[in-house]
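Q: Could you walk me through this model, one feature at a time? I would like the general idea and then the case at hand.

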Amino acid sequence: MTTTLRPINQDSKIYVAGHRGLVGGAILKALQQQGYRQLLVRSHADLDLTEQSPVRAFLERERPDAVIMAAARVGGIHANNTRPAEFIRDNLLMQDNIIDAAHRAGVGKFVFLGSSCIYPKLSPQPIKEEYLLSGALEPTNEWYAVAKIAGLKMCQAYRRQYGFNAISLMPTNLYGPGDNFDLQSSHVLPALIRRFHEATQRGDDSLAVWGTGTPRREFLHVEDLAEAVVHLLKTYDDEPIVNIGWGEDVTIRELAEMIAAATGFKGRLLFDASKPDGTPRKLLDTSRLTSLGFRPKITLKDGIHQTYAWFKQHLADARLTV
Ligand SMILES: NC(=O)c1ccc[n+]([C@@H]2O[C@H](COP(=O)([O-])OP(=O)(O)OC[C@H]3O[C@@H](n4cnc5c(N)ncnc54)[C@H](OP(=O)(O)O)[C@@H]3O)[C@@H](O)[C@H]2O)c1
């Protein structure tokens, strides 16, 4: 079935997959705040996206105008290293099921969320969209990255062969309220917020950060990402992938110092060089996003303070173990 372009407006029926996650939750909130009235959600327990038949039946029945794919199996270096089969299998299954079912159900707009880890480990910096598949991936998360590359290629293939209006967006590292603070599976920023908070509470005189502290990373507040997704949902209908980032990076040491300041940690910062650093630098080139009319607003300093305030208020219900 070839889909015809239908403008997205506040009456469009939009399914947000993964709405209980960091990204899906922020996108749902942004859509609600912008007056979208017909928002469709299903929890993982109600609809397992790795199962093909229920996904097809659900989209066939609901026939949304748009689908935003923010469900995925996500995690940091440790989780990727220890559960490679789950990372590649679950992500391939989920995205293949939902892309194919959305096409079959005549969905007019599909938004696929990838990640900056799709790019080669030693990409020139900042990373342009064109660098995709120009070199070897970072081995610690290649399972996840290969699945995400397959997802964006599937969107492009369905656009070319069936005229399916799918776009693929590649966010940098995200953070914000609702993040995963479980130390076994979380990303660096929420893991450090939790570790600095706990070290401050205990009155520790030092805290050891994984790796040398020298890798450079870019962080984007998830509310900025959500605004970008809604903007491109409405305005972008083309095959090329689009990076979504802040446009500047910091070293892990600088990040740790900002979090130490936000949490009031007074001890010494140590760096455990026996732990892996991952990619030396990862900064997205965001000129395509800028040319499409979007600029993020929340600075890293403000975002860390806001996220730490949220974490303290939600110690009882934050994702501390997953
Ligand atoms: N977080 C980042 O820094 C970041 C950076 C770049 C890109 N992204 C992209 O953003 C997307 C979402 O990431 P996130 O950080 O929001 O992850 P998250 O917080 O872990 O949320 C993922 C969501 O997917 C759901 N899910 C997982 N397996 C499912 C299944 N089999 N069926 C149905 N739902 C399932 C989860 O539900 P349960 O919790 O109930 O399992 C959860 O609601 C991913 O595509 C990711 O690549 C994230």
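A: A search of the whole structure finds one cavity of 30 Å³ or more. This is a predicted model, in which local features need pLDDT of at least 70, side-chain atom pairs count only at pLDDT 80 or more, and totals for chains, interfaces and linings use all residues. Residues are numbered from 1 along each chain as its sequence is written, and side-chain values use heavy atoms, with hydrogens and water left out.

Q: What counts as a cavity, and what volume does the largest cavity have?
A: On a 1 Å grid over the protein atoms alone, a cavity is a set of points where a 1.4 Å probe fits but cannot get out; a pocket is an open set with protein on both sides within 12 Å along at least five of seven lines. Points are joined across faces, edges and corners, and the volume is the space filled by probe spheres set on them. Here the largest cavity has a volume of about 60 Å³.

Q: Which residues line the largest cavity?
A: Lining residues have an atom within 4 Å of a point. Among those around the largest cavity are S116, C117, Y119, E138, N141 and R281. By class, the lining has four nonpolar, four polar and four charged residues, where Ala, Val, Leu, Ile, Met, Phe, Trp, Tyr, Cys and Pro count as nonpolar, Asp, Glu, Lys and Arg as charged, and the others, Gly among them, as polar.

Q: How many residues line the second largest pocket?
A: There are 14, with A26, K29, V222, E223 and A226 nearest its centre, and the space amounts to about 220 Å³. Helix α1 (22–33) and helix α7 (222–235) each supply at least two lining residues, and α1 gives the largest share, six. Helices (H or I, at least four residues) and strands (E, at least two) are DSSP runs, numbered from the N terminus.

Q: Is strand β4 mostly covered or mostly open?
A: Buried means under 20% relative accessible area, exposed over 50%, and partly exposed in between (1.4 Å probe, protein chains only). In β4 (residues 109–113), five of five residues are buried: K109, V111 and L113 on one side, F110 and F112 on the other.

Q: Which strands pair with β4?
A: Two strands pair if DSSP finds at least two bridges between them. Strand β3 (residues 66–69) runs parallel to β4 over four bridges, with M69 partnered by F112. Four bridges also join β4 to the parallel strand β5 (residues 166–171), where I167 is the partner of V111.

Q: What do β4, helix α5 and β5 make together?
A: With α5 (residues 142–162) between them, the strands make a right-handed β-α-β unit. A crossover is right-handed if, with the strands pointing away from the viewer, the path from the first strand over the helix to the second runs clockwise.

Q: How is a pair of aromatic rings described?
A: By the distance of the centres and the angle of the planes. Rings of Phe, Tyr and Trp (its six-membered ring) pair if their centres lie within 6.5 Å; planes under 30 degrees apart count as stacked, over 60 as edge-to-face and the rest as tilted. The whole structure has nine aromatic pairs. One of them, Y158 with Y162, is edge-to-face, at 5.0 Å centre to centre and 75° between the planes. These two tyrosines are four residues apart in α5, so about one helical turn separates them. Y158 is buried at 13% relative accessible area, while Y162 is partly exposed at 28%. Ring pairs also link F110, Y158, Y162 and F164 into a cluster.
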